[in-house]
Amino acid sequence: MKQLGRVLAGQITGGEVIVLSGPLGAGKTTLTQGFGQGLHVDAPVVSPTFTIARELHGHTVLGEPVRLIHVDAYRLGSTEYEPGQNSADRLLDELESLGLDEELEDPDEHSVVLMEWGQQMASALAQERLEVYIERPLSVRSTASENSDCVLSSDGLRVVSIHAVGSTWTGRMSQLEEALAQ
C-alpha cells in the first residue's frame, strides 16, 4: 500500500483530489503514508480521525511545493439533521464549517487533497477526482462441522480499484497505469 501511495504521489502536479475508500483497516492510512513519502512531506503522516484534517508540506517530483491536505471524514456525517435536511447536505455543512468545502471544490495549484472516507462528500463537491477503492481480504477459519468464523486480517494482498472522474484524471490514467506497471 505504501508503494502504491508513492506511485500516486509521483503523478501529482498540484490541484488534485484523491478519495480513498474501503473498510476499516483496508490500508487507506498506510497508502497515505506512502503518498506522503512520495511527496517528501515535512512531518509523519498519521490518521487524522480525531482532528479530521491535517496539512503537511512537501514537493512534487518536479520540485514544486505542495500542501498535502489529509482528511479523514470517518467521524463526519452525524445523524443530527435540521428539518428537511438530507445526509449529503449535512455532510456538506460539516465540510463548510471546517473550511474544507472550498479545498474540495477548487484546490489550488499548490495543494492536493487526499480524503479517506469521503466518497459522499467528494462526489458532491469535487468534479475532478481520483477514486481509489481498497478491498481487504478476509482470513476464513472453518471446518465442515463448525460455523465459519471470518477474521479481518491486516496481512495479505489488497484488491485496489482506481477510477478517474473528470477530464483531468481521465487524461492521465494511461500515465498512471504505466507507472503502476513498473
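Modeller: From the N terminus on, the elements of the protein chain follow the order α-β-α-β-β-α-α-β-α-β-β-β-β-α, which comes to six helices and eight strands (DSSP runs numbered from the N terminus: H or I of at least four residues for helices, E of at least two for strands). This is a predicted model, in which local features need pLDDT of at least 70 and side-chain atom pairs count only at pLDDT 80 or more, while totals for chains, interfaces and linings use all residues. Residues are numbered from 1 along each chain as its sequence is written, and side-chain values use heavy atoms, with hydrogens and water left out.

The largest pocket has a volume of about 150 Å³, the space filled by probe spheres set on grid points joined across faces, edges and corners. A pocket here is an open set of points on a 1 Å grid over the protein atoms alone, where a 1.4 Å probe fits, with protein on both sides within 12 Å along at least five of seven lines, and lining residues have an atom within 4 Å of a point. In this model 13 residues line the largest pocket, and Leu24, Gly25, Thr29, Glu116 and Trp117 lie nearest its centre. Helix α2, residues 28-38, gives the most to this lining, with three residues. By class, the lining has four nonpolar, six polar and three charged residues, where Asp, Glu, Lys and Arg count as charged, Ala, Val, Leu, Ile, Met, Phe, Trp, Tyr, Cys and Pro as nonpolar, and the others, Gly among them, as polar.

Arg136 itself lies in the loop between β5 (129-135) and β6 (138-141). Arg136 counts as buried because its relative accessible area is 17%, and buried means under 20%, exposed over 50% and partly exposed in between, with a 1.4 Å probe and protein chains only. Of the 182 residues of the protein chain, 42% count as buried.

Turning back to helix α2, the loop between α2 and β2 holds His40. Most residues other than glycine have a negative phi. His40, although not a glycine, has a positive phi of about 55°.
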